[in-house]
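Thanks for sending this one over. Here are my notes, in the order in which I would read them with the viewer open.

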Amino acid sequence: MTRDIILYGITTCDTVRKARKWLEGRGVAFSYHDLRKDGLSEADLAVWVKAMGWEALVNRSGTTFRKLSDAEKLVASETQAISLMLVHPTIIKRPVLVRGGTVTLGFKSELYEKIFS
């Protein structure tokens with residue numbers, strides 16, 4: 001495996017499974033980082049927030065977000081969002097694909113075709 005391409009997600013996420021299957025099926029060497037088991041560094045999250053914006057990263061429709069307290073759900077700033085994502089990394093939309101300096105959020109086969117063509 002290589003550290004040049006890293007796929008971040010959680011093993012139980014169907015979209016992450018599709019992305020992994022797509023990458024493996026095309027022989028793309030990548031490292032997989034499980035957000036639930038391996039956690040998330042503040043440095044990695046800062047790069048993602050800079051690239052995508054915190055609003056795009058917070059998955060407000062996921063199970064983890066729905067289980068948060070009403071106060072925690074009132075995320076209104078980048079600082080609050082970063083703190084929340086560091087404590088609950090599974091509220092991040094998935095997968096996050098990091099390839100060199102490029103960060104891609106989500107999975108669509110057409111998008112990955114474009115990235116890896």
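Predicted model: local features only at pLDDT ≥ 70, side-chain atom pairs only at ≥ 80, totals over all residues.

1. Let's begin with helix α1, which covers residues 14–25 and so has 12 residues. From its first C-alpha to its last, α1 reaches 16 Å, close to the 16 Å expected at 1.5 Å a residue. After α1 comes G27, whose phi is positive, near 70°.

2. Which residues of α1 are buried? They are V16, A19, W22 and L23. Looking down the axis of α1, you will find these buried residues within an arc of 125°, so they line one face of the helix. On the other side of α1, K18, K21 and G25 are exposed. As background, an α-helix has 3.6 residues a turn, so residues three or four places apart point the same way.

3. A search of the whole structure finds 2 salt bridges. One of them joins D14 and R17, with the closest N and O atoms 3.0 Å apart. The two residues are 3 apart in helix α1, so about one helical turn separates them. D14 counts as partly exposed because its relative accessibility is 49%, and R17 is also partly exposed, at 44%.

4. R26 forms a salt bridge with E113, and here the closest N and O atoms are 3.4 Å apart.

5. Turning to the rings, the structure holds 5 aromatic pairs. In one of them, W22 and Y112 have ring centres 5.5 Å apart and planes at 90°, so the pair is edge-to-face. W22 belongs to helix α1 and Y112 to helix α8, so this contact ties together parts that are 90 residues apart in sequence. W22 is buried, with a relative accessible area of 7%, and Y112 is buried as well, at 0%.

6. How are the rings of F107 and Y112 arranged? Their centres are 4.6 Å apart and their planes stand at 85°, so this pair is edge-to-face. Both F107 and Y112 are buried. W22, F107, Y112 and F116 form one aromatic cluster.

7. There is also a charge over a ring: R20 lies over the face of Y32, at 3.8 Å from the ring centre.

8. Finally, a backbone detail to look at in the viewer. Which kind of peptide bond joins R94 and P95? The bond is cis, with omega about -10°.

Note on methods: Residues numbered from 1 in each chain as written. Heavy atoms only, no water. Helix = DSSP H or I, 4+ residues; strand = E, 2+ residues; numbered from the N terminus. Expected span 1.5 Å × (residues − 1). Buried < 20%, exposed > 50% of the residue type's maximum accessible area, 1.4 Å probe, protein only. Arc of directions from axis to C-beta. Salt bridge = Lys/Arg side-chain N within 4 Å of Asp/Glu carboxyl O. Phe/Tyr/Trp six-rings, centres within 6.5 Å; stacked < 30°, edge-to-face > 60°. Lys NZ or Arg CZ within 6 Å of the ring centre and 35° of its normal.
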